[in-house]
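Biologist: Before we look at anything in detail, could you take me through how each kind of feature is read, giving the general idea and then the case at hand?

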Amino acid sequence: MNLEDLQTNFQHILLDAECIDAGWVRESTRGLSSQDRLGIYHNAYRIRLIDVLLDTFEHTAVYLGDDWFHQLATAYVQSYHSTYTNIGLYGREFPRFLAEQLADDKEVSELALMDWKLRRAFDGADSTVMIHDDLQHLATAESGSIRLQPVPTLSISTQHFNTLDIWHAINQDQQPPVVERMAQPIDILIWRKGHSPHFRSLAKIESAAIALVCSGDTLEVIGAALEHDFPDVDVATEFGVMLHRWLDDEIISIPPQNVDVDARPSVQ
Amino acid sequence: MTFGFGLGLRTQHYNDFLAAPQPVEWLEVISDNYMVDGGKPLAMLDQIRVNYPMVMHGVSMSIGAINGLDKDYLRKLKALEQRIEPLWVSDHLCWTGVHGRNMHDLLPLPYTLEALQVVKRNVEQAQEVLQRPLVLENVSSYVEFKTSEMTEWEFLTEVCQATGCELLLDINNIFVSAFNHGFSPASFIGGVPIDSVKQFHLAGHQNNGDHLIDTHDHSVCNDVWNLYRQALMHFGYVPTMIERDDRIPPLAELLSELDRARDIANDVLNSKIAV
């Protein structure tokens, strides 16, 4: 048997649900049978990936309980092969998998998506954050040419249930509240400030504004869009308030070519 | 040149290394844990690197994979190498997956002439990117293959001689594989080129009676300490570290274990000088 066939066969044995014996393994006169020896690798593959899911989806695992989480994680491992050299990325499809498996318990996949995004923010790309002094530069420029750049760890996800309350309760070792569908879905902002992932809920106008920032629109376009969608709001005043909060939260970065000040705070 | 004794840097010990100088001459970092875009892992690495020389130890190069090496992985590895300027860069003589899949395990190779050509090709590619010799570690294994045409130590010797790569001998892995497959650990130690050995790993394993599992979650057992003693007698001084990957104890416990390695090395090397 050549190397390609051996590696392909070996890999199939690890990926298949049942571990079978293989004629290409040397039968030993001591200790375990060849099938039991292959079983060590077969089991280790599953244990390793389930451990990664447990680590990544910590709050989801607590919410589901050990047995149910293990059952779902085992099914995921059998259905999804890892294509990543970074094992930490293996859970990328797990929230979607949970949404399919637990169609009547959608708060579980929302909780899993939150776990996933917080973990990805933890070691996401660094950037130089914009500070309040930089607003002077913005004030002197034409709003038609100004674009804000979000920090690379920023993301928004929409929740339809009281998932945020459930996450907080689990995080504080408390009994999670009874799941409830909210009258209106809310958007959750997730990003990293300093070394720590952060999140908070967003009002409709702020979520819309951040989405426009992420799309690369100019301040002029953003202002016009917000005035159109929120006619009862004093958009100029509201945008100023939001911008100050974004700078406090460190969610706006400066493109590397525009960094001209030493010792700028850096999002790490 | 001597580099002394080191430990594997683990997240549980970041604060210990940042708070005060620790009695280790160098630290080994798992390359893959720092091949990320940013955040706390890289910030901690940069801060600790200021005070400690480092070596890089990878688990995902898959040097024995028939499909060849992942260029994106090599690019990220090179970037990390340029960032921390390690003493050397190591990975394992194994494969981790083929056809775009990753098993996230250190899978054993058949020791065949065909596998030898594949490993030589891949080592040369890695060394071309890294612009330095790669250091390869022997893995613990639980299966052997009917197609193997040589021993593991003969295979390693051929790879070293053909490519100029060097060796990280994991003393525990030699012990585990020797037990599981019934070969003599002394044959392994006596069978690899002395000048190629760059580093020793010492670690613990789990004894299941009729087989051993390389868990790296126990302290080093007496059998492995004895084998370390034999290795020192054969190779002379080699930079040595304690490798713990699970059930990480307080740093003081690992430092105590490292002191035992120092004591054994001093004892063996002074005896050699006296002889």
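Modeller: Let us start with helix length, where the expected span is 1.5 Å times one less than the number of residues, helices (H or I, at least four residues) and strands (E, at least two) being DSSP runs numbered from the N terminus. Because the 13 residues of α1(A) should span 18 Å at 1.5 Å a residue, the 18 Å between its end C-alpha atoms agrees with expectation. This is a predicted model, in which local features need pLDDT of at least 70 and side-chain atom pairs count only at pLDDT 80 or more, while totals for chains, interfaces and linings use all residues. Residues are numbered from 1 along each chain as its sequence is written, and chains are lettered from A and ligands numbered from 1 in the order in which they are written.

Biologist: Which residues of α1(A) are buried, and what do they pack against?

Modeller: An α-helix has 3.6 residues a turn, so residues three or four places apart point the same way. A residue is called buried if 20 or more other C-beta atoms lie within 10 Å of its own, exposed if 12 or fewer, and partly exposed in between, with C-beta atoms placed from the backbone. In α1(A) the buried residues are Leu3(A), Leu6(A), Gln7(A), Phe10(A), Gln11(A) and Leu14(A). Seen down the axis, they fall within an arc of 125° (taken over the directions from the helix axis to the C-beta atoms), so they line one face of α1(A). Asp5(A) and His12(A) are exposed on the face turned away from that buried side. The buried residues pack against α2 of chain A together with α4 of chain B, contact meaning that two C-beta atoms, placed from the backbone, lie within 7 Å.

Biologist: How many residues does each chain bring to the contact between A and B?

Modeller: The contact takes 41 residues from chain A and 42 residues from chain B. On the side of chain A that touches chain B, α1 (3–15) and α2 (34–56) each supply at least two residues, and α2(A) gives the most, with 9 residues. That side of chain A divides into 18 nonpolar, 15 polar and 8 charged residues, where Ala, Val, Leu, Ile, Met, Phe, Trp, Tyr, Cys and Pro count as nonpolar, Asp, Glu, Lys and Arg as charged, and the others, Gly among them, as polar.

Biologist: Where does Ser62(B) lie, and is Glu85(B) buried or exposed?

Modeller: Most residues other than glycine have a negative phi, and most peptide bonds are trans. Ser62(B), in the loop between β3 (54–57) and α3 (71–84) of chain B, has a positive phi near 60° and is buried, with 27 other C-beta atoms within 10 Å. Glu85(B), in the loop between α3 and β4 of chain B, has a positive phi near 45°, but counts as exposed, with 10 C-beta neighbours inside 10 Å.
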